[in-house]
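Hi,

Here's the structure I promised to pass on. Have a look at it first, and my notes follow below.

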Amino acid sequence: MSNPLLEVITANRAGARAALPSICSAQPDVILASALLAAEKNATLLLEATSNQVNQDGGYTGMIPADFVSYVKGICATAGLPEEALIIGGDHLGPQAWRSMPADQAMAKAKELMKAYVQAGFTKIHLDCSEGCAGEEAQVGDELSASRAAELAAVCEEFAPDPNRLNYIVGTEVPPPGGAREEGEAHGIEPTLPARASRTLQMHFEKFDELGLHAAKERICGLVVQPGVEFSPFHIDHLPADDGKALRAALDPFTNVVFEAHSTDYQLDNAFPRLANMGFAILKVGPALTFAYRQAIYALDQMLDWLEEDKRTAPKISKILETEMLSEPKYWRSHYQGSDQELRLLRHFSYADRIRYYWPQEKVQDALEALFAALQTHKIPETLLLQLFASQTVERARALQSHGFGIEKALVLAEIQQALDPYFFERVETPQLEEAL
């Protein structure tokens, strides 16, 4: 059976400008829009869940790993994406969801997590044991992190239906699950030093060998490092101008290993092929897609105001969400700082997009149903569409209507696809950056 992830990795290591976006989201319209776009482009779709989102206890989505796999496959089938074009991965898999426990207890939970993930059919596995448990430093060193990662890989090897299908991603220089640093932290993200990247990767190989995981060691295909991209609630750190050749050279001694970039959300379009040329063959994105979803919903909410004015009976989405976020602030409180007005803006319009945790709330879902039902009773003028959505989004939405979607749903999917489309850049079979861009 072919492995499309390894095909991209092999091409990248051979010098091609090749990379695969990795969509880290459980939002159904994000998954649907992504699957439709991948099907349209005859491309592979890589979808991932984090250990906070999905775990053996349900995570914050309420889904165990097997539930998530069924959920994703169902949406992708609706989109017409062939199952062989779908890769399901696990991100930040390790003890971090239970880091308030002593290390032995947290690792026991992490081992249960790994078993559940691989048995459910997850094949791309990011082993992340970088965060300390109770009584430990917030971030542990490479040796301890790699030792724990090897222990978890041993579980994967034991319980995966076919260990040969597993691909391991390792590395500790990553933002915390959920993404985004806090506003007020110094701007300017330092890229990973090449020597540190080499040391981290070598340490994982050694710890796999110590446990006799020689076959599993050959399945390590990615290292998470920092290319210098990040975002905070109101700020984006764009990819530095450096060509990254020194960092890419750190991969030279390691066959079939590439870099994985996290928090690539909101980068300029030309950053993605540049990252590919720097050896980043896996590009993680998530909040930028739910940010686009929120943009579309708020635009539709404003559209209904124009169509109905004082006759409107459907509740305002933003007001419902504000009430929900204030009544249950746990998903945003520790991430945002500022005055009452600044916090209000952050809750709704932050790049960190903590509002994404509130869309599944029952009252919010009821309000969304009412919004879409009300819009479906109107013939919406093209001029109003163009007032609230970019012309490219409207054009894409018209094409999506051929799948049977109403214009309202099509606009939401199109807005998400506009954010994702730059990740599907044209592959160039050359190692030369100046020729490829």
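Helix α11 spans residues 317–327, and its buried residues are Ile 317, Leu 321, Glu 322, Glu 324 and Met 325. Down the axis of α11 these fall within an arc of 165 degrees (taken from the directions from the axis to the C-beta atoms), so they line one face of the helix. Lys 319 and Ser 327 are exposed on the face turned away from that buried side. For packing partners, the buried residues of α11 have α10 (287–308), α12 (340–349) and α13 (362–375).

Keep in mind that this is a predicted model, where local features need pLDDT of at least 70 and side-chain atom pairs pLDDT 80 or more, while totals for chains, interfaces and linings use all residues. Numbering runs from 1 along each chain as its sequence is written, and side-chain values use heavy atoms, without hydrogens or water.

On cut-offs: buried is under 20% relative accessible area, exposed over 50%, partly exposed in between (1.4 Å probe, protein chains only). Helices (H or I, at least four residues) and strands (E, at least two) are DSSP runs numbered from the N terminus. Contact is heavy atoms within 4.5 Å.

Leu 345 sits in α12 and is partly exposed, at 33% relative accessible area.

Now for a spot in a strand. Ala 261 belongs to β9 (residues 258–261) and is buried, with a relative accessible area of 0%. Its C-alpha lies 6.4 Å from that of Val 225, 36 residues apart along the chain. Leaving out residues up to four places away in sequence, Ala 261 touches Val 225, Pro 227, Phe 280, Ile 282, Leu 283 and Lys 284.

Cheers
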